[in-house]
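I opened the file to look up sheets, helix packing and charge pairs. My entries follow in the order I made them.

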Amino acid sequence: MTTAHNNSTAQQVLQNVFGYADFRHQQANIIDELVAGNDVFTLMPTGGGKSLCYQIPALVLDGVGIVISPLIALMQDQVDALKILGVNAEFLNSSQDYQRQQQIEQQLLNGELDLLYIAPERLLTERMQNLLLRTNIALFAIDEAHCVSQWGHDFRPEYQQLSILHNIFPNTPRIALTATADQRTRDEIVDLLALHQAKQFVHSFDRPNIQYRINDLPNAKERLWDFISSEHNDDAGIVYCLSRKMVESTAQWLSAKGRVALPYHAGLANEVKAQHQQRFLQEEQVIIVATIAFGMGIDKPDVRFVAHLNIPKSIEAYYQETGRAGRDGQPANAWLAYGMQDVIKLKQMSQNSDGNELFKQITQRKLNALLGYCEVSSCRRQALLQYFGEQLDTPCGNCDNCLTPPITWDGTLAAKKALSTVYRTKQRFGVTYQIDVLLGKTTPRIINFGHNQLSTFGIGEELSAQAWQGVFRQLISMGFLSVDMEFGALKLTEQARPVLKGEQQIQLREQSKKAKAAKQKRSPKNSQAITDLTPQDTSLFEQLRAQRTLWAKDRGVPPFVIFHDATLIAIAQAKPNTAAELLTINGIGASKNDLYGEEIIAIIAQSL
Ligand code: ADP
Ligand code: ZN
């Protein structure tokens with residue numbers, strides 16, 4: 001009973017099984033390489049379409065494709081999705097009872113499977129290896145291949161032993177896949193998995209559908225609500241916070257505003273976490289408020305926004321976390337609140353990090369890169385990609401700086417005033433105090449220290465307190481001031497000297513405009529959005545969406561496994577009235593047409 005696709009070409013499988021018209025990026029080349037029997041190493045951003053790169057050759061080639069994945073929780077979803085496409089896929093893991101495992105092993109030996117997902121620790125057992133030696137294997141796919149690296153966050157020791165595949169099955173093609181960008185990890189993957197002969201496919205890290213925005217206005221939570229309520233009223237999203245406490249309070253606050261917002265952090269019981277994750281996947285419009293403990297292995301394609309209420313740890317972390325938005329290629333937002341407190345915290349962390357000098361230097365460099373990214377006045381995407389060693393020749397047109405170019409001003413005089421105030425108050429006070437002095441406030445503390453007698457007392461009245469915050473923040477992130485570990489007192493650095501002497505000019509950027517201004521310019525790029533639908537099409541889309549929920553409940557899978565929003569939008573616009581027409585829609589292959597085609601056509605007919 002195998003689904004023999006072996007006589008089909010890759011293009012036919014793409015169309016008939018997956019329902020897609022064209023390959024994306026380098027998918028076709030990667031697939032050709034594997035079908036020809038060669039090894040491949042590929043690096044593609046999240047949402048780039050990695051899975052097809054091994055799923056299609058597994059269907060085209062004789063034998064079963066063995067997929068090694070560290071994420072047991074994800075296997076079920078992946079296998080469910082493949083089954084709806086009519087593919088004979090299974091997984092083997094500890095969540096199954098012994099009898100079920102035996103059944104699947106038998107299917108494997110009988111050559112009845114197209115794809116089998118297993119965890120690395122199982123692959124390394126003698127029992128599994130003996131089984132595989134008696135099996136006809138099309139290829140090995142090593143997913144999340146960066147798990148070999150000891151330096152990354154996802155290190156799995158078993159991954160380092162996967163080079164045995166090369167020894168035991170020297171003639172079976174292997175493909176290693178990852179979305180992790182840095183060069184050291186790439187080299188390690190090639191070395192440790194013995195992929196020196198493999199053809200490498202490195203895709204751009206750009207995620208053009210994600211709009212990057214950073215907000216430096218005070219009161220981050222209110223700004224977050226402005227953003228969510230005006231742009232993501234019916235959307236699913238993730239809000240990242242640094243602490244558990246903040247996760248809890250933000251989730252409650254969003255719930256009080258009428259949204260379904262569920263907390264997720266390491267302090268919650270496993271059942272609660274699992275339940276919240278499940279609701280995020282199965283229901284629509286759920287917001288997860290999480291520490292960074294949430295996200296790995298969530299491949300929900302229709303996350304429309306990722307918001308950070310605190311600054312992330314590094315650019316790598318920011319890229320990875322924001323990357324969870326818009327895997328389906330539809331417009332999505334990456335929103336970050338960034339303020340003085342973040343800068344101070346980061347600076348203190350970098351000064352305080354223990355470990356050897358080299359480690360300290362690396363930490364410092366990473367933090368500075370992140371601050372640079374937050375403060376940059378030019379295209380964010382260019383800055384982000386440049387960090388990963390990629391060059392984007394023209395500004396992207398889809399980040400806050402491109403859409404509403406920030407106003408910069410000559411901050412030389414303001415900087416001089418700020419730095420001399422720090423100097424004259426003997427480098428013993430924090431930001432708020434310095435601003436009070438500049439604004440000429442006669443607070444008891446200022447009187448007490450006699451600082452109302454200073455020459456800089458009251459010389460900053462041309463700027464508001466908020467504007468001075470922006471000045472100090474930028475002076476700190478540019479390295480003119482450092483922040484004392486314990487008390488947050490500002491100190492001058494060597495770099496401040498030429499500014500004080502009037503030998504250096506300084507450009508500063510003005511604060512972000514209120515959210516409303518940015519919103520008007522929002523331009524969904526490269527893809528159809530629900531907002532583009534006519535009222536009649538919207539109502540058809542809503543009906544299809546409601547029906548999708550029922551189908552999903554029926555099968556016990558998330559709605560996006562049945563159809564992506566983009567597919568429903570395309571149906572609502574094209575209104576096909578025959579199966580042949582329906583099959584031309586992206587995301588509808590033979591199996592989904594068999595399962596749902598008639599009902600879809602009936603819904604369309606009724607709506608006309
Ligand atoms: P990754 O694993 O790289 O994050 P996936 O393999 O999950 O990405 O693919 C992301 C989404 O893009 C999936 O929903 C997938 O069905 C879709 N996709 C992949 N390749 C194509 C294609 N050639 N045409 C249309 N959609 C595609
Ligand atoms: Zn840009």
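Entry 1, helix pairs. I am working on a predicted model.

I started with α5 (residues 98-109) and α7 (residues 126-133). Their axes are 9 Å apart, and the packing angle is about 30 degrees. Angles under 35 degrees count as roughly parallel, so α5 is roughly parallel to α7. The crossing of α5 past α7 is right-handed. I listed the residues in contact. From α5 come Q102, E105, L108 and L109; from α7 come R127, M128, L131 and L132. Sorted by class, the contact of α5 with α7 holds five nonpolar residues, one polar and two charged.

Entry 2, the seven-stranded sheet. I traced an open sheet of seven strands in the order β3-β4-β2-β5-β6-β1-β7, and the pairing is parallel. Which strands stand at the edges? They are β3 (89-92) and β7 (199-202). Each has a single partner strand, so one side of each has no neighbour in the sheet. From one strand to the next, the twist averages 20 degrees.

Strands β2 (residues 64-68) and β5 (residues 137-142) run parallel and are joined by five bridges. G65 has L139 in β5 as its bridge partner.

Then I looked for helices lying across the strands. Helix α3 (residues 50-60) lies across β2, β4 (115-118), β5 and β6 (174-178). I get about 165 degrees between α3 and β6. Helix α4 (residues 72-84) lies across β3 and β4, and runs at about 165 degrees to β3.

I found another open sheet, with six strands in the order β8-β13-β12-β9-β11-β10 and parallel pairing. Here β8 (210-215) and β10 (261-264) are at the edges. Each of these two has a single partner strand, so one side is left without a neighbour in the sheet. The twist averages 15 degrees from one strand to the next.

How many bridges join β9 to β11? I count four between β9 (residues 237-240) and β11 (residues 287-290), and the two strands run parallel. I238 sits opposite I288 in β11.

Helix α10 (residues 220-231) lies across β8, β9, β11, β12 (305-308) and β13 (332-337). The angle of α10 to β13 is about 165 degrees. Helix α12 (residues 270-282) lies across β9, β10 and β11, at about 140 degrees to β10.

I looked up its packing with α11 (residues 244-256). The angle is about 45 degrees, and the axes are 12 Å apart. The two helices α10 and α11 are therefore oblique to each other. Their crossing is right-handed. In α10 the contact residues are K221, E222, L224, W225 and I228; they meet S249, T250, W253 and L254 in α11. That contact of α10 with α11 divides into five nonpolar, two polar and two charged residues.

Side chains of opposite charge can pair when their charged atoms come close. With a cut-off of 4 Å between nitrogen and carboxyl oxygen, I get 22 salt bridges. I picked out one of them: D216 with R473, whose closest N and O atoms are 3.3 Å apart. D216 is in the loop between β8 and α10, and R473 is in helix α21 (residues 465-477), so this pair ties together parts 257 residues apart in sequence.

How values were computed:
Residues are numbered from 1 along each chain as its sequence is written. Chains are lettered from A and ligands numbered from 1 in the order in which they are written. This is a predicted model: local features need pLDDT of at least 70, side-chain atom pairs count only at pLDDT 80 or more; totals for chains, interfaces and linings use all residues. Side-chain values use heavy atoms; hydrogens and water are left out. Two strands pair if DSSP finds at least two bridges between them. Axes are lines fitted to C-alpha atoms, for helices over the stretch in contact, and angles run from 0 to 180 degrees between N-to-C directions. Contact means heavy atoms within 4.5 Å. Angles under 35 degrees count as roughly parallel, over 145 as roughly antiparallel, 65 to 115 as roughly perpendicular and the rest as oblique. A crossing is left-handed if the near helix is turned anticlockwise from the far one by less than a right angle, and right-handed if clockwise. Ala, Val, Leu, Ile, Met, Phe, Trp, Tyr, Cys and Pro count as nonpolar, Asp, Glu, Lys and Arg as charged, and the others, Gly among them, as polar. A salt bridge is a side-chain nitrogen of Lys or Arg within 4 Å of a carboxyl oxygen of Asp or Glu.
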